[in-house]
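Dear colleague,

I am handing over the structure that we spoke about, with notes on what was found in it. Please read the notes with the structure open beside them.

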Amino acid sequence: MIKGCFFDGKTSEKKDVLLYCNDNGMLGFAETRHGERLSGETPFDQVAISSRIGNTPRYIDFPDGSQFQTNDNDAIDTLINDFRDDFFHGLLHKLESAKTIVLITTISLIGFGWLFIQYGIPYGSKVIADRLPIKASQYLGQGVLEVMDKQWFKKSRLSIERQQALLHEFSRLKQTIPDSDYFNLVFRRGSFIGANAFALPDGTIVFTDELIHLTDNNNELVSIMLHEIGHLKQRHSLRAAIQQSSLAVFIVAITGDISTSSSLITALPFVLVESGFSQGMETEADTFALEYMQQHDLSPLLFATMMEKLVVSFSDTYAECLETEKTNNAKQCIQLALQSNKQPENKKSKGVMDYFSTHPGSNERILRFRQSE
Amino acid sequence: MQNNPTGVVPDSVNNTITNKHFKFTGKGLEYFSIWIVNVVLTILTLGIYSAWAKVRTNQYFYGNTFLDGSSFRYTAKPLQILKGRIIATILFAIYYFTTIANPIVAGIILIIIMLFVPAFVVMAMSFRLRNSQYRNVHFNFDKNFSQAYKVFFIPLIFVGCYLFLIGQAEHLQPGDREQSGNAIFGLLILGVMLGIFVMVPWWEFIVTRFKATHAKYGQADFSFSATLKNYYGMYLKALLLSIIIFGLLGAGIFTLQKTQPDEQSQLLFASMMSIFVFPAYLWLFAYFQTKRTNLLFGNLSINGHHVRSEMTTGRLLMLYITNTLAIMLTFGLLMPWAKVRTANYKASITSLDVAGELNQFVTSQEQQQSAMGEEIGEMFDLDLGF
């Protein structure tokens, strides 16, 4: 006898009843107080029993539209076992209630998610980006320079001679690199961005005046050009765009049935992983530059030196020096900053922040080029 | 066969009012197990299982919600949902690819979809309510399409105008902006935006009233007693509060920032202080959500039984903060726990003033509904249902 409620399907009236099932598989009801059987029985195979979900009540639907509802899940399961040979019934509940299965699933889901984000999405994006026509990348890059000009950059104050010398170096580079026709070098004053170089998806490479002021040796700047060309050749911006959008889709797919606002919240921590993507891309661009330099008799030291200058160009020593000199004599200040950086008390240890910045592990990158010498 | 155990229909019309609370009995860990199995099976079946996952999830939440000793039940069939999902996915894919290939055609598709929004709302409400059951009597939605179009007509016109004007504005060249024609154009956009701004409370009121009064339990209609004044009052209060809060915050940051010596540290100070903007925003959001929920549910009644909704801003805010933190820190793994807590809170603040008994509702006969409206609505992120 299973305790529960009966609803006739015509009104919302609730009656407490007992459900019984006799040996030949007939279901019927009995009154709760004395267990007296009420009229009418139904064969077991004509009723529909809802599947078990957690500890929610179970429903037995009768062919005439009436319904029996009970909290006694175990009794219903026993009933099914006795009268119905159905492997699939209750299978989901078995999966959902088996602690070891749930534990293993959770762990493998975390593992799968990590592998997918770390390797699956980057690999997939690379495959897709490589197959898309160059036009796709150029389309993506439309207007990027205009926006940067508006928000960050000012007009370059570089002398025409210096610009032309660098453009000459750049076009010589392009001649030795296949599929580089649409690459293009422009100069801008970075103002508060400082010394930096950018590779935009449409093939434009931006050098800031501040970067060029760091050195007189054009070959050092060529090494930076090579690094940026590496970004362009491997279509990093297109890949990053594909990665970001597929990451969003993946997260929404996993956390699925929640509202959009909370899926955005869920996506937030993945931003950390996201900057890891660009870390990998920096290494790839470095590899391109390094291989080119080794093949074309350029010393990898050029890149290492330039990187060191770039790093110290963000130091306080450099900023103070520029401030006091007022002559804008960047080269002297860089030397000064390099000196002070070499002193042990000023040398920063490898910080935790490394993981969070998009230009990470500068020391490691410099070391890589030094060792290749 | 006849299966009427007692055969007695209660005739006592007892009109003493008893307050019955909704109760939610789900457990975080229990739902976690169901959720994780759903996620894994959805991945393994490349998304097909998601229809079954949706049904099981809804069944879990409905089944754990009790009123007067009986639970609710979700009766949709996974295959219906799968069909709706496939159609919605195909539509969305077509729309998505045309936005890339041909924005003009995509715009036309979007307009067509917008024209169908009222129909989708009716279909989705109908599907959801038809598949909600309590005491073996299902809910319903009166499929009054012409009424739906009347309700949505003016909002759709305004939103359409706005989107059209914005679309036109993108084609303007920066140089054109000085010309006088563009000043009129700018005023037009401003006018439409102002119109939208002023009318939002009214729209929310008529849409909510439409949804509420066309909902049924069995053959009984729901009624909705909130007034237009209530809605304007709610929006006005929220607006005033946000002006006061953000005004004070802005003024505070601005004056304190002056104490900093140079421009650089002033900027730094201001950006540090703006951290306080987020809690203020969250509080306002919780406040508005609370008022809106109470206004909607607190004014629902059916056959003389009145719903009570006693949500409080403080509790909801705490729920938001703890849930958000938990979800963020565990990369979404605590999402099931957060969802159970939310359901628990919502049930705990909702009750029904039962006049007499809940026995007299009579079943109505209705055709099964297609899941298409609901699934399309979900795809295009339309806010359907309550």
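The notes below go from conventions to one chain, then to the interface, and end with one residue.

This is a predicted model, in which local features need pLDDT of at least 70 and side-chain atom pairs count only at pLDDT 80 or more, while totals for chains, interfaces and linings use all residues. Residues are numbered from 1 along each chain as its sequence is written, chains are lettered from A and ligands numbered from 1 in the order in which they are written, and side-chain values use heavy atoms, with hydrogens and water left out.

Chain B has 12 helices and 10 strands, taken as DSSP runs numbered from the N terminus (helices H or I of at least four residues, strands E of at least two). Of its 386 residues, 45% are buried, where buried means under 20% relative accessible area, exposed over 50% and partly exposed in between, with a 1.4 Å probe and protein chains only. Among contacts (heavy atoms within 4.5 Å) in chain B between residues at least 6 apart in sequence, 75% join residues at least 24 apart.

Helix α9 of chain B, residues 277-297, has 21 residues and reaches 30 Å from its first C-alpha to its last, close to the expected 30 Å, which is 1.5 Å times one less than the number of residues. Its buried residues include Leu284(B), Tyr287(B), Phe288(B) and Asn294(B).

At the interface, 55 residues of chain B are in contact with 54 residues of chain A. The two chains bury about 4500 Å² between them, 61% of it on carbon and sulfur atoms; this is the accessible area (1.4 Å probe) lost on putting the two parts together, summed over both. The rule finds 1 salt bridge across this interface, a salt bridge being a side-chain nitrogen of Lys or Arg within 4 Å of a carboxyl oxygen of Asp or Glu. Arg73(B) forms a salt bridge with Asp61(A), with the closest N and O atoms 2.9 Å apart. The elements that give two or more residues to the side of chain B that touches chain A are α1, α2, β3, α10 and α11 of chain B, and α1(B) gives the most, with 12 residues.

Finally, Lys135(A) is found in helix α4 of chain A, residues 134-141, and is exposed, with a relative accessible area of 66%. Lys135(A) lies 113 residues from Asn22(A) in sequence and 75 Å from it in space, C-alpha to C-alpha.

With best regards
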